Each structure stands twice: as C-alpha cells, then as structure tokens.
Amino acid sequence: MLAKGKRKDNGKWITGYPLTYGFEDKWYFVPESINELEIVPVEKKTICRYTGEMLSDGRRLHEFDKVEVKDADGNKILGIIRFGTYQSSFDSTATAHIGFYVDWQDNLYWRKDLGYWVNSDRMEIVGNIQD
C-alpha cells in the first residue's frame with residue numbers, strides 16, 4: 001500500500017510503503033524510489049494512505065489531505081479526504097458507501113464520492129491535517 005508520512009528525523013513528507021515489526025509500535029517506510037533497500041522511521045500518526053487518485057496536475061491525493069473547491073458563487077469550500085463508511089445527502093438512509101470520500105466542512109449537501117470531484121478538475125490540494 002503506497003502512502004505518505006512524516007520522517008522522524010526531519011519532519012518532511014516521504015512517500016513509500018509503510019511497515020512495522022516487533023512488539024513495539026514503531027513505523028517505517030521503504031521509500032518509493034530507492035536504489036538500495038533502506039527503511040526510514042516515520043511518525044505513525046502522520047501516515048496517510050494513497051487514494052489511487054490524481055488531480056489533473058499530477059499530484060496524488062492522500063487520506064487526510066485538505067482540498068478546496070469553489071462553489072457557483074466563487075466561495076471556497078474546504079474538505080478533508082477520509083476513508084470509511086459515508087453517505088451523500090441524496091442517498092437513502094439504507095444506502096452506505098465504503099471507501100475514500102470528501103468530508104466537506106462547510107457544505108453538507110455536496111456529493112462526497114471522491115471520484116466525482118477528482119474528475120471535475122475543480123479540486124485543489126491545499127494542505128494536510130498533519131501540516
């Protein structure tokens with residue numbers, strides 16, 4: 001599973017494959033692009049899974065990324081990428097979806113399905129809740 005997380009040594013983001021071993025709760029990344037096997041210690045709370053989606057500018061969307069979309073009036077609406085069970089406002093109460101979705105902070109009526117927004121070319125990444 002590809003993910004990003006913050007390095008313990010300098011706090012910078014690193015992309016790679018998370019792993020843990022032993023009985024201690026220590027997490028490491030095997031970097032995505034390496035020439036030799038290397039493991040890098042990361043802060044567990046900063047690990048953000050890659051959603052499998054990219055924006056039109058080529059940037060990858062990860063769990064806990066903050067995203068922004070402008071509404072019809074030009075107002076910026078902030079959302080956070082999350083993983084789990086969700087419902088959009090137009091779903092029946094018996095309907096539930098599981099996967100990556102956008103948790104809109106200021107608009108309860110917008111669609112939550114991530115694929116809709118990624119394909120709309122209106123979404124921008126503005127940060128991550130770990131920044």
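Start with Y28: this tyrosine is buried, with a relative accessible area of 13%. The model is a predicted one. Y21 is exposed, with a relative accessible area of 52%. The cut-offs explain the labels, because buried means under 20% and exposed means over 50%.

Now look at how rings are compared. A pair of aromatic rings is described by the distance of the centres and the angle of the planes. The count here comes to 7 aromatic pairs. Take Y21 and Y28. Their ring centres are 5.6 Å apart and their planes stand at 20 degrees, so this pair is stacked. Planes under 30 degrees apart count as stacked.

Move on to W104 and W110. Their centres lie 5.1 Å apart, with the planes at 85 degrees, so the pair is edge-to-face. Both W104 and W110 are buried. They also belong to one aromatic cluster, together with Y116 and W117.

Charges meet rings as well. R111 lies over the face of Y116, at 4.1 Å from the ring centre. The charged end of R60 sits over the ring of Y50, 5.3 Å from the centre of that ring.

Next, trace the sheet. It is open and has 6 strands, in the order β4-β3-β2-β1-β5-β6, with antiparallel pairing. At the edges stand β4 (40-42) and β6 (60-62); each has a single partner strand, so one side of each has no neighbour in the sheet. On average, neighbouring strands are turned by 55 degrees against each other, direction ignored.

Finally, follow one pairing. Strand β3 (residues 27-31) pairs with β4 in the antiparallel sense over 3 bridges. W27 has V42 as its bridge partner in β4.

Conventions:
Residues numbered from 1 in each chain as written. Predicted model: local features only at pLDDT ≥ 70, side-chain atom pairs only at ≥ 80, totals over all residues. Heavy atoms only, no water. Phe/Tyr/Trp six-rings, centres within 6.5 Å; stacked < 30°, edge-to-face > 60°. Buried < 20%, exposed > 50% of the residue type's maximum accessible area, 1.4 Å probe, protein only. Lys NZ or Arg CZ within 6 Å of the ring centre and 35° of its normal. Pairing = 2+ DSSP bridges. Helix = DSSP H or I, 4+ residues; strand = E, 2+ residues; numbered from the N terminus. Axes fitted to C-alpha atoms, helices over the stretch in contact; angles between N-to-C directions.
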